[in-house]
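Me: I've got a model open here and I'd like to go through a few spots in it with you. Can we start with the aromatic rings?

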Amino acid sequence: MELVNIALPKGRLGEKVYQRLKAAGYPCPSIEEENRKLIFENPEAGVRYFWVKPSDVAIYVERGAADVGVAGKDILLEYSPDVYELADLGLGKCRMCVAGRRDFRDRTDRTLRVATKFPHIAARYYASRSRDIEIIKLNGSIEIAPILGLSDVIVDIVETGKTLLENDLEPKETIVPISARLIANKVSYKFKHEQIAALHRRVADTL
């Protein structure tokens, strides 16, 4: 039997996802050992796991290097990969928000400057509100942009809101709730349908 290739996001979320898959009947003892390997397989369970950077999972799945994977809804919304979204795993829950300084009030007579790692999500959100914006693409430490006057607001993932508060910012609007999604490659879904459908069903039973 051909193995199902599963891309797991490195880090805490990936470990939780693996535990969920293990509970669904897809264990892989070698992944639980202390080592630096990136690829692990268990032919008896019919699976091969590999660790990849969370933002790369969707690329591995879209291009067929992985049959299935787990990616945050933020990645799926930002990059729109051509994959099937099979299930919301309810893990890694947070939200995509607009945040700004506590005293910030949006003056609609001028272009709003938005700093973000998620330019597509921000652009779509403000387009739906017919609001003129200038996007400032940043890769990290987004919170300091409004403090230093680089931007008026930020669009970013908010988990607890603690980082915002510590930097005198607050969430202004929630754009969309975010959580981890089980995704599948479209060709694999056709050719390994039985195995992927069974995995989907068994994982759904653990939700």
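Me: How many aromatic pairs are there by the ring-centre rule?
Reply: Bear in mind that this is a predicted model. Rings pair up when their centres lie within 6.5 Å. By that rule the count of aromatic pairs comes to four.

Me: Take Tyr84 and Tyr189: is that pair stacked or edge-to-face?
Reply: Their ring centres sit 5.2 Å apart, with the planes at 65 degrees. Planes over 60 degrees apart fall in the edge-to-face class. So the pair of Tyr84 and Tyr189 is edge-to-face.

Me: What about Tyr125 and Tyr126, stacked or edge-to-face?
Reply: The centres of these two rings are 5.1 Å apart. Their planes stand at 75 degrees, so Tyr125 and Tyr126 are edge-to-face.

Me: What is the relative accessible area of Tyr126?
Reply: Tyr125 is buried, with a value of 13%. Tyr126 is buried as well, and its relative accessible area is 4%.

Me: Tyr126 also touches Arg131. Is Arg131 buried or exposed?
Reply: Arg131 lies in the loop between α4 (119–128) and β8 (133–137). Its relative accessible area is 13%, and anything under 20% goes down as buried. So Arg131 is buried.

Me: Which side chain does the side chain of Arg131 make a polar contact with?
Reply: Arg131 touches several residues beyond four places away in sequence, among them Asp106, Arg107 and Thr108. Its side chain reaches the backbone oxygen of Arg110 at 2.8 Å. The side-chain partner, at 2.7 Å, is Asp106.

Me: Over to the surface: how much accessible area do Ile144, Ile147 and Leu148 have together?
Reply: Ile147 is in helix α5 (residues 144–147). Its relative accessible area is 37%, so Ile147 is partly exposed. With Ile144 and Leu148, Ile147 forms a nonpolar surface patch, and together the three have about 290 Å².

How values were computed: Residues are numbered from 1 along each chain as its sequence is written. This is a predicted model: local features need pLDDT of at least 70, side-chain atom pairs count only at pLDDT 80 or more; totals for chains, interfaces and linings use all residues. Side-chain values use heavy atoms; hydrogens and water are left out. Helices (H or I, at least four residues) and strands (E, at least two) are DSSP runs, numbered from the N terminus. Buried means under 20% relative accessible area, exposed over 50%, partly exposed in between (1.4 Å probe, protein chains only). A polar contact is a pair of N or O atoms within 3.5 Å; within protein, one must be able to donate a hydrogen and the other to accept it, and residues adjacent in sequence count only if both atoms are side-chain atoms. Contact means heavy atoms within 4.5 Å. Patches are made of residues with over 30% relative accessible area and no salt bridge: like charges are joined within 9 Å, nonpolar side chains (Val, Leu, Ile, Met, Phe, Trp, Tyr) within 5 Å. Accessible areas come from the Shrake-Rupley method with a 1.4 Å probe; for residues, only the protein chains shown count as cover. A salt bridge is a side-chain nitrogen of Lys or Arg within 4 Å of a carboxyl oxygen of Asp or Glu. Rings of Phe, Tyr and Trp (its six-membered ring) pair if their centres lie within 6.5 Å; planes under 30 degrees apart count as stacked, over 60 as edge-to-face and the rest as tilted.
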